[in-house]
Amino acid sequence: MKTLCMLWSIFFVLSAAPRAHAQTPLRGMYYGSNMFGSARIIGALEELLRITEINAVIIDKKDDHGMEIAGERFSKLVRPFKDRGAHIVCRVVTFKDNTWLRGKGSAFALYSRSRPGTVWHDYKGNSYLDPASEEVAAHHVEVTLRAFADGCEMINYDYIRLPSARDGNVSDTKYPLPSKGSSKEARAANMAEKRRVMQLFTKRLVAGVREVEPTASLAVSIFGYACYGREPYVGQYLEDFAGLGFIISCMAYPSHYSCGDGAPNPNTIPYEIYHKTHRKARAYLAEHGIAGVFMPWLQGFDYHNINRCGGGKRTRYATDPPHFRKQIQACADLGIDSWFVWPSRAAFHEKGLFLPKGK
């Protein structure tokens with residue numbers, strides 16, 4: 001890896017690195033490791049690639065457990081889709097990692113503050129890597145370069161953030177939430193430290209990848225409210241990502257927005273949520289002199305609002321094409337023509353969610 005001083009010098013020339021993405025708009029479906037080997041899902045996705053506007057597959061390269069899929073196994077997984085002419089986008093789960101931490105990576109974990117020497121776990125038992133570690137960045141440079149060598153056209157980094165309060169007791173980590181009643185200065189210092197370590201990681205990552213793959217397409221999945229220009233206490237600053245040339249994939253799922261944000265239940269207004277999120281993101285970046293590139297995630301799963309807006313009633317997306325497509329229309333009205341779908345299994349079989357090929 002380059003030294004930190006060299007990384008800072010590289011940062012100032014990164015704006016010259018292309019924010020590359022395909023000339024053809026990418027419209028993709030996520031194919032996660034939990035679906036690998038399902039003949040029913042593979043066949044349905046092949047059919048979508050054959051007859052609808054779907055032309056890309058976002059596939060786990062390093063999954064939610066930290067397992068890296070590489071070499072011949074990965075080639076076999078993507079072969080049916082490549083045979084259909086699909087673009088291959090590779091998802092790399094970044095800091096949430098249970099696999100690498102069992103080996104060498106155990107030295108670079110987030111540890112518990114109350115139980116020194118014990119790896120911190122979220123409510124589901126997942127462990128996380130420390131973004132301040134140079135070795136963590138080096139590991140993800142290696143993962144990324146292997147992904148391009150395996151035929152990935154773009155990398156989408158997910159969980160490129162610190163754990164949130166919804167994940168677990170973050171007050172027991174190296175990067176806690178500000179304490180209740182803390183001063184404005186203390187809160188600012190808390191957020192500044194999180195920003196500092198995230199900047200260290202992203203600059204190391206981008207510099208290491210671009211040294212070998214100077215035209216690499218790199219994207220990040222970030223919270224919808226981070227796309228508003230807010231910082232949700234996880235180190236996600238929109239301008240820090242866009243300023244390094246990352247394509248921005250806002251996870252603007254209406255089911256995850258606060259009650260009263262545009263409607264009592266934001267799940268009922270997908271057009272307004274997607275339009276507002278990306279409109280605000282563009283305006284915020286413009287204030288910082290940055291023109292961002294957006295490839296949002298669309299909600300392709302039926303779900304209730306996580307804040308219990310609407311009394312916890314499940315809202316249909318995968319099984320209600322008109323409701324689903326309001327997200328696409330909002331993006332199209334802003335000139336955003338590439339998007340990815342985070343689907344439920346039902347979404348693979350609902351062809352009405354997508355336009356026929358060539359339309």
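Trainee: At roughly what angle do the axes of helix 4 and helix 5 cross?

Mentor: Roughly 35 degrees, and the axes come within 9 Å. Helix 4 covers residues 134–149 and helix 5 covers 184–212. Axes are lines fitted to C-alpha atoms over the stretch in contact, with angles from 0 to 180 degrees between N-to-C directions. Helices are DSSP runs (H or I, at least four residues) and strands are E runs of at least two, numbered from the N terminus.

Trainee: What kind of model is this, and how are residues numbered?

Mentor: This is a predicted model, where local features need pLDDT of at least 70, side-chain atom pairs count only at pLDDT 80 or more, and totals for chains, interfaces and linings use all residues. Residues are numbered from 1 along each chain as its sequence is written, and side-chain values use heavy atoms, leaving out hydrogens and water.

Trainee: New topic. What volume does the largest pocket have?

Mentor: About 1600 Å³. A pocket is an open set of points on a 1 Å grid over the protein atoms alone, with protein on both sides within 12 Å along at least five of seven lines; lining residues have an atom within 4 Å of a point. Points are joined across faces, edges and corners, and a volume is the space filled by probe spheres set on them.

Trainee: Where does Y233 lie?

Mentor: In the loop between helix 6 (224–227) and helix 7 (238–243). Y233 has a positive phi of about 65 degrees, although it is not a glycine. Most residues other than glycine have a negative phi.

Trainee: And what about R308, which loop is that in?

Mentor: The one between strand 7 (297–300) and helix 9 (321–333). R308 is not a glycine either, and its positive phi is about 70 degrees.

Notes
1 Å grid on protein atoms, 1.4 Å probe; cavity = no way out; pocket = protein on both sides within 12 Å on 5 of 7 lines; lining within 4 Å.
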